[in-house]
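Please walk me through this protein structure. I am new to it and would like a plain account of its sheets, one of its helices and a few single residues.

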Amino acid sequence: MNQYTVATLLNETNFKEVHIKGWVRTFRANRFIALNDGSTINNIQCVVDFENTDENILKRITTGAAVAITGDLVESQGKGQSVEIAVTNIEILGDSDAETYPIQPKKHTFEFLRENAHLRTRTNTFSAVMRLRSALSFAIHKYFNDNGFYYMHTPIITGSDAEGAGEMFRVSALDPKNPPLTEDGDVNYKEDFFGKETNLTVSGQLEAETYAMSLGKVYTFGPTFRAENSNTSRHLAEFWMIEPEVAFMDLAGNMDLAEDFMKSVITYVLENCQDDLQFLDDRLFNEEKTKPQAERSEMRLIEKLKFVTENNFKRVSYTEAIDILRNSKPNKKKKFKYIIEEWGADLQSEHERFLVEKHFKCPVILFDYPANIKAFYMRLNEDGKTVRAMDILFPGIGEIVGGSQREERLDVLKEKMAALDIPEEELWWYLDLRKYGTAVHSGFGLGFERLVMFATGMTNIRDVIPYPRTPQNAEF
């Protein structure tokens, strides 16, 4: 007999004998099992004939237990589901101690569930979030595959710091208690495993650029690491990045690609994850009702996703955005936490959200940022003070995508590296791209967990990755 999933049975109209395995969510009145197998947020009701079932078996039907059920799929007698299973046989595959099982059928705090991250996907919220994470991941690969991109795996161990941020995890095989030293008393990394100082990567972008300059269109989708001691709801030490790079594409093309990409992956989940999205939409709406009016989101979750897919993204220069912000009511009345006073300010999420939610009322792409607040590899504009950078701003979170046209001129790139004390010998291979067949090229980066937060309405980044890595925490 075929084993069915809950998802397929709930859509089944052909009544017949079925076999299913899953975990007990609840067991009430010694008769009704709510069974879930992870295939959907919905449970299937299994009705036990308790008068003709061994009492020892009934005692073992507890929340969290794994069971195999055989029975007849029939029209449901109760409300809430169209079909149910009239159980003819039940086998306990794995017991669950009702006294000690952490995930009881009640409301748990997210902090408690983080401490039990190995079991938190047994709850509706986290099973929905992780199914959406999986669907978004598939949609990303599908988009790039359908559009002629090649998927490349960039190194996780690297000798370069792509962002120039310096907050990197060191990778070393040296004895930490007794490392070899140079004559000056410094650690001698020439004797280390790789013969030089190495770190976990913060970005695959620079390596992706090298492949774009031979394969044309490539993308990375892999783990990246930041040793930033930041214990906030927006930071992880280990997270996933999507980074496309395209040869012969300028900033305008980059903005077109990023907008089309974001609309495509969000459309995919709107079309394919309706049950999970509706549950998360309702969850967020009920949570927001407990907040003061001023702190509530103006849009519900699904409405916010459609706001992205159904609106054209407004393209605005950084200079124009600064003028709008400087003259805005919240700035003049000092309602912003960070007051905008002059050109050159680094925008905060409160400014980005004002532009999206209040001023333009659509997603916004800001471009042509001041060179001194952006990375060395971004192409310098003719004015000598701005670079061809672009950020996409979404409602609720502000910046979600950051990218640029890359600096393809060897002399300009060398000057920028010298000004920032980036040694040429460290990035000799990156400079080679500008010597041998250089051309205009562009790309962007998207933090995958930021996208999952946006798509699920979760407000803490630790709740959208299976096992979060944060300062003082590497559990599981």
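Two strands are said to pair if DSSP finds at least two bridges between them. The model shown here is a predicted one. In general, strands of a sheet pair through backbone hydrogen bonds, and the pairing is either parallel or antiparallel.

Strand 9 and strand 10 (residues 198-200) are joined by 2 bridges and run antiparallel. At one of these positions, Val 171 has Thr 198 in strand 10 as its bridge partner. Both strands belong to an open sheet of 3 strands, whose order is 8-10-9 and whose pairing is antiparallel. At the edges of this sheet are strand 8 (157-158) and strand 9 (170-171), each of which pairs on one side only.

Another open sheet has 8 strands, in the order 7-11-12-17-16-15-14-13, and its pairing is mixed. Its edge strands, strand 7 (150-151) and strand 13 (314-317), each pair on one side only. Within this sheet, 5 bridges link strand 12 (residues 238-247) with strand 17 (residues 441-447) in the antiparallel sense. Val 246 has Ser 442 in strand 17 as its bridge partner.

Strand 4 shows both kinds of pairing. With strand 3 (residues 32-36) it pairs in the antiparallel sense over 4 bridges, and Ile 33 stands opposite Cys 46 in strand 4. With strand 6 (residues 83-94), strand 4 pairs in the parallel sense over 2 bridges; here Val 47 stands opposite Ala 86. Strand 4 covers residues 44-47, with Ile 44 and Cys 46 pointing one way and Gln 45 and Val 47 the other, and all of these are buried.

The loop between strand 3 and strand 4 holds Thr 40. Is this residue buried or exposed? Thr 40 counts as buried because its relative accessible area is 9%, and the cut-off for buried is under 20%. Setting aside residues up to four places away in sequence, Thr 40 touches Val 6, Ala 7, Leu 10, Arg 131 and Asp 275. The side chain of Thr 40 also reaches the backbone nitrogen of Asn 42 at 3.1 Å. By contrast, 33 Å separates the C-alpha atoms of Thr 40 and Val 218, which are 178 residues apart along the chain.

Among the helices, helix 11 (residues 349-360) has 12 residues and spans 15 Å from its first C-alpha to its last, close to the 16 Å expected. Its buried residues are His 351, Glu 352, Phe 354, Leu 355, Val 356, Glu 357 and Phe 360. Just after helix 11, Lys 361 takes a positive phi of about 55°.

Arg 283 sits in helix 7 (residues 274-288) and counts as buried because its relative accessibility is 15%. Neighbours within four places in sequence aside, Arg 283 is in contact with Phe 110, Thr 125, Gly 457 and Met 458.

Arg 462 is found in the segment after helix 14 (448-456).

Key:
Residues numbered from 1 in each chain as written. Predicted model: local features only at pLDDT ≥ 70, side-chain atom pairs only at ≥ 80, totals over all residues. Heavy atoms only, no water. Buried < 20%, exposed > 50% of the residue type's maximum accessible area, 1.4 Å probe, protein only. Contact = heavy atoms within 4.5 Å. Expected span 1.5 Å × (residues − 1). Polar contact = N/O pair within 3.5 Å; in protein donor to acceptor, adjacent residues only side chain to side chain.
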